[in-house]
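Work through the exercises below with the sequence and the model at hand. Each task is followed by its solution in steps.

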Amino acid sequence: MTATAPITQDVLTLPRKEAETDSRVNLVGLTRAGLAEALRDAGTPDKQVKMRVNQIWQWVYHWGVRDFDAMTNLSKAYRAQLADHFRIELPEMVSRQISDDGTRKYLVRIAGGHEVEVVYIPEEDRGTLCISSQVGCTLTCSFCHTGTQKLVRNLTAGEIIGQVMMARDDLDEWPEPGVGTGETGPRLLSNIVLMGMGEPLYNFESVRDAMQIAMDGEGIALSRRRITLSTSGVVPEIARTAEEIGCMLAISFHATTDEVRDRLVPINKRWNIESLLEALRAYPKLSNSERITFEYVMLKDVNDSDEDARRLLKHIKGIPAKINLIPFNEWPGSPYQRSDWKRIKAFADIIYKAGYASPIRTPRGEDIMAACGQLKSATERARKSRAQIAAEAGLK
Ligand code: SAH
Ligand code: SF4
């Protein structure tokens, strides 16, 4: 997409009013079972619960309705009863920046005043929303901007699916009455990647519930093949991801020896390359999905030699794989440099000649710091020190 609009930044909302003191249960993020229980607790007769879940689900997730009064197939009295007990509320969009390449970066405020970033990347035949699963991250990958920020908290399922709903609001993509989703051509928001802030597999249940809402055919209805979860390698949760979510998997591989991976992705000290590969070999069968994406950030003179490329091929032998080379996105104070283009091309060439797809990820939204690994809340104060980051990177 070649949008020519200059960078724009709009502050869209004022601080939210009474939301944090509102004791009504938020329906956004409840699973079908959770919604059934909530409706029952609020006095819905047992034999009606299933039908009511279906009706409300469609209003909220298919039509994007936020007001019980608009749910016209429910009686007025029941709508009023619902409004007494429940609310339908998304995280609050604080600002939106639009890059000159069309990428949109949203700053989103969640309960407690914390903020996360969400990025929308339009492409010719699809649009991908990169969503966050945590505020900050417990892990300390030394090339990642989010890794410099301590974990503040896990997002709830409602805050995770809420990012998707918020983006659909912004793109004005809820279906018109009488028109099914997808009947009007390719969707603007057609894919989700869990590649924003945080390690999704350290917030498993909420991520799972949110993605089940995204995949539910009566609502947002995205195919599991259009959802990609990226993990740094939380090995014990990988089989569970296959069984309970079944989405596509991406792995932040980034190094071909344990010595280097220990420095770049410190979770490697806990689960090393071999144990990670073992879990990955089992994934495609368990999840019935196609290829696993190996993400590989290109860091000058750290992990970008021909030898690294050849070692990488050896590691992934036998795993249906695609390799995604990510030119390192620098951030203020980052301890690494991006590999030269010539080097990235040479690395890609070795992979390609071995028969693998090896796309080089074009950095998007660089002018608004929206690229992978650059996301970081502007307001969080709980920072790791520079010295700590350098020490973790093995540079001091
Ligand atoms: N925590 C998860 C998902 C979020 S990061 C994970 O680590 O997989 C999404 C991707 O961006 C990961 O592959 C991550 O390693 C990569 N990344 C992080 N910082 C980066 C940077 N500065 N430049 C390029 N890629 C980066
Ligand atoms: Fe966390 Fe992923 Fe960044 Fe590592 S790369 S610090 S796991 S967000």
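**Exercise 1. Find the polar contacts of ligand 1 with the backbone, and state how far the protein covers the ligand.**

Step 1. A nitrogen atom of ligand 1 lies 3.0 Å from a polar backbone atom of phenylalanine 143, where a polar contact is a pair of N or O atoms within 3.5 Å. The model is predicted: local features need pLDDT of at least 70 and side-chain atom pairs pLDDT 80 or more, while totals for chains, interfaces and linings use all residues. Residues are numbered from 1 along each chain as written, chains are lettered from A and ligands numbered from 1 in written order, and side-chain values use heavy atoms, without hydrogens and water.

Step 2. For glycine 198, a polar backbone atom is 2.8 Å from a nitrogen atom of ligand 1. An oxygen atom of ligand 1 is 3.5 Å from a backbone N or O atom of threonine 231.

Step 3. On its own, ligand 1 has 540 Å² of accessible area, of which the protein covers 96% (Shrake-Rupley method, 1.4 Å probe).

**Exercise 2. Describe the shells around the two ligands.**

Step 1. Around ligand 1 there are 21 residues, and Gly198, Ser230, Ser252, His254 and Asn329 come nearest; a residue counts if one of its heavy atoms lies within 4 Å.

Step 2. Sorted by class, this shell of ligand 1 has 10 nonpolar, nine polar and two charged residues. Here Ala, Val, Leu, Ile, Met, Phe, Trp, Tyr, Cys and Pro are nonpolar, Asp, Glu, Lys and Arg charged, and the others, Gly among them, polar.

Step 3. Strands E11 (227-231) and E13 (292-298) each give at least two residues to the shell of ligand 1 (strands are DSSP runs E of at least two residues, helices H or I of at least four, numbered from the N terminus).

Step 4. The surroundings of ligand 2 are Cys137, Leu139, Cys141, Cys144, Gly147, Gly198, Glu199 and Ser232. They divide into four nonpolar, three polar and one charged residues.

**Exercise 3. Which parts of the chain does the salt bridge of aspartate 170 tie together?**

Step 1. Aspartate 170 pairs with arginine 104, with the closest N and O atoms 2.7 Å apart; a salt bridge needs a side-chain nitrogen of Lys or Arg within 4 Å of a carboxyl oxygen of Asp or Glu.

Step 2. Aspartate 170 is in helix H4 (residues 157-171) and arginine 104 in strand E5 (residues 104-110), so the pair links parts 66 residues apart in sequence.

Step 3. In total, the structure holds 25 salt bridges.

Methods. A polar contact is a pair of N or O atoms within 3.5 Å; within protein, one must be able to donate a hydrogen and the other to accept it, and residues adjacent in sequence count only if both atoms are side-chain atoms.
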